[in-house]
Amino acid sequence: DKYNTQSAIELMKEKQDYGHWWDRSKISVKDIGNTQYITCMNPTAGSFIVNPRLQRHFWTCAVPFPDQSSLLVIYQTFMKGHFERLP
């Protein structure tokens, strides 16, 4: 594609499928361990389609945006904790 994102997706998929990357210039295997992937999607912009061959490696969880009253409780809690520490 014109933004060159497919190559990055293919690199992630190769690591998930085979457990390593193949370095063609050095003709050797690159093992990278102790890694985790976390991803997110913006529901208002960008592409809304994930390649199913990559999607199969992830657990999908959809979380809706909180309503106004929940946001008020969340931010009041943070602000109260922050200002209680001030002299």
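Residues are numbered from 1 along each chain as its sequence is written, and side-chain values use heavy atoms, with hydrogens and water left out. In this predicted model, local features require pLDDT of at least 70 and side-chain atom pairs count only at pLDDT 80 or more, whereas totals for chains, interfaces and linings use all residues.

The chain contains 3 helices and 2 strands (DSSP runs numbered from the N terminus: helices are H or I with at least four residues, strands are E with at least two). From the N terminus on, these elements follow the order α-β-β-α-α. Along the principal axes, the C-alpha atoms fill a box of roughly 60 × 35 × 25 Å. Of the 87 residues, 6% are buried (buried denotes under 20% relative accessible area, exposed over 50%, and partly exposed in between, with a 1.4 Å probe and protein chains only). Among contacts (heavy atoms within 4.5 Å) with a separation of 6 or more, 30% link residues 24 or more positions apart.

The largest pocket holds about 850 Å³ of space. A pocket is here an open set of points on a 1 Å grid over the protein atoms alone, where a 1.4 Å probe fits, with protein on both sides within 12 Å along at least five of seven lines; lining residues have an atom within 4 Å of a point. The volume is the space filled by probe spheres set on the points. The lining comprises 23 residues, of which Thr39, Cys40, Met41, Val50 and Gln55 are the closest to the pocket centre. Helices α1 (6-18) and α2 (52-55) each contribute at least two lining residues. By class, the lining has 16 nonpolar residues, 7 polar residues and no charged residues (Ala, Val, Leu, Ile, Met, Phe, Trp, Tyr, Cys and Pro are nonpolar, Asp, Glu, Lys and Arg charged, and the others, Gly among them, polar).

Lys13, located in helix α1, counts as buried because its relative accessibility is 11%. Beyond residues up to four places away in sequence, Lys13 touches Arg53, Leu54 and His57.

Most residues other than glycine have a negative phi. Ile27, in the loop between β1 (21-23) and β2 (28-30), has a positive phi of about 50 degrees and is exposed at 64% relative accessibility. Asn34, in the loop between β2 and α2, has a positive phi near 55 degrees and is exposed at 87% relative accessibility.
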